[in-house]
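Here's a quick briefing to read alongside the model. Have the viewer open and follow the topics in turn.

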Amino acid sequence: MKQAVTIGTILILGMGSLAGWAMTNEAKPFAPNVHPKTGAISVPENYREWPTLGTWAHAKVEGPPGLQEYHVVYTQPDTIKYYNEKNRFPDGAVLVKELLNADTMPMTTGPAVGHATTIKGWFVLVRDTNGRFKESSLWGDGWGWSLFNADDSQRTVSKDYKIDCIPCHTPARELARKNAFEADKWIYSFGYPVLQMK
């Protein structure tokens with residue numbers, strides 16, 4: 001009888017632990033900067049500790065020659081490793097494009113040398129291979145999409161990714177590798193040297 005009570009107690013405790021583990025896992029976000037219930041995206045606090053994928057320079061379109069902005073793109077180390085092994089972005093991959101104002105000046109290295117100055121904002125993408133957050137206008141085409149101004153890294157200014165984000169990523173699709181995964185064609189992968197290691 002005593003043995004049956006002990007076994008029963010162990011089973012109940014085990015089931016309780018299993019239920020607790022399942023509830024914890026259910027609430028755990030698949031990406032560190034995504035709210036697990038709402039799908040709200042934020043700028044990851046530690047993104048500058050991640051490797052740099054690449055940097056883009058945007059020239060001024062008016063006035064003297066020089067740079068308007070720098071865009072520095074970061075991702076998790078595991079994303080780079082996965083991409084170089086599988087030729088695609090993994091579920092939960094986060095790409096943070098840091099938008100930086102730039103200044104240009106003559107230097108001994110050249111007459112118009114540009115450098116980054118202050119943060120203008122961020123553009124954050126989160127790879128979603130499972131079609132989560134179907135009700136959200138910021139999730140679709142394999143990604144979560146959000147733009148943030150420099151004064152608020154927690155609340156996006158994007159309203160609808162099809163209007164606010166897709167137009168800037170359409171050229172990426174035209175320049176993408178033919179054999180790239182459909183959702184990955186939205187990413188300017190050709191500009192990221194660490195993804196061209198093969």
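Predicted model: local features only at pLDDT ≥ 70, side-chain atom pairs only at ≥ 80, totals over all residues.

Residues are numbered from 1 along each chain as its sequence is written, and side-chain values use heavy atoms, with hydrogens and water left out.

**Fold**

- The protein chain comes to 4 helices and 6 strands, where helices (H or I, at least four residues) and strands (E, at least two) are DSSP runs numbered from the N terminus.
- Read from the N terminus, the elements go α-β-β-α-β-β-β-β-α-α.
- The 6 strands make an open sheet with antiparallel pairing, in the order E1-E2-E3-E4-E6-E5; two strands pair if DSSP finds at least two bridges between them.
- Strand E1 (52-59) and E5 sit at the edges of that sheet, each pairing on one side only.
- E3 and E4 are joined by 12 bridges in the antiparallel sense, and Val94 has Val126 in E4 as its bridge partner.
- Of the 198 residues in the protein chain, 38% are buried (buried means under 20% relative accessible area, exposed over 50%, partly exposed in between, with a 1.4 Å probe and protein chains only).
- Take the contacts (heavy atoms within 4.5 Å) with a separation of 6 or more: 55% of them are between residues 24 or more positions apart.

**Empty space**

- Rolling a probe the size of a water molecule over the atoms shows where empty space is left.
- The ground rules: on a 1 Å grid over the protein atoms alone, a cavity is a set of points where a 1.4 Å probe fits but cannot get out, and a pocket is an open set with protein on both sides within 12 Å along at least five of seven lines; lining residues have an atom within 4 Å of a point.
- Grid points are joined across faces, edges and corners, and a volume is the space filled by probe spheres set on the points.
- How many cavities of 30 Å³ or more turn up? The count is 1, and the largest cavity holds about 80 Å³ of space.
- Its lining is made by Trp56, Val73, Leu95, Val96, Lys97, Phe123, Leu125, His169, Ile187, Tyr188 and Tyr192.
- Strand E3 (94-107) and strand E4 (110-127) each give at least two residues to the cavity lining, with E3 supplying the largest share, 3 residues.
- By type, the cavity lining has 9 nonpolar, 1 polar and 1 charged (Ala, Val, Leu, Ile, Met, Phe, Trp, Tyr, Cys and Pro count as nonpolar, Asp, Glu, Lys and Arg as charged, and the others, Gly among them, as polar).
- The largest pocket has about 370 Å³ of space.
- This pocket is lined by 19 residues, and those nearest its centre are His71, Lys97, Leu99, Phe123 and Cys168.
- E1, strand E2 (67-75), E3, E4, E6 and helix H4 (166-175) each bring at least two residues to the pocket lining, which divides into 9 nonpolar, 6 polar and 4 charged.

**Cysteines**

- Searching the whole structure gives 0 disulfides (a disulfide is a pair of cysteine sulfur atoms within 2.5 Å).
- Cys165 is in no disulfide, and the nearest cysteine sulfur, that of Cys168, is 7.9 Å away.
- Buried or exposed? Cys165 is buried at 2% relative accessibility, whereas Cys168 is exposed at 55%.

**Backbone angles**

- Most residues other than glycine have a negative phi.
- Phe133 is not a glycine, yet its phi is positive at about 50 degrees.
- Phe133 lies in the loop between E4 and strand E5 (139-140) and is buried at 17% relative accessible area.
- Asp141 also has a positive phi, near 55 degrees.
- Asp141 is in the loop between E5 and strand E6 (143-149) and is partly exposed at 39%.

**Trp186**

- You'll find Trp186 in the segment after H4, buried with a relative accessible area of 9%.
- Trp186 and Leu175 are 11 residues apart along the chain, with 9.5 Å between their C-alpha atoms.
- Leaving out residues up to four places away in sequence, Trp186 touches Asp141, Trp143, Trp145, Ile166, His169, Thr170, Ala172 and Arg173.
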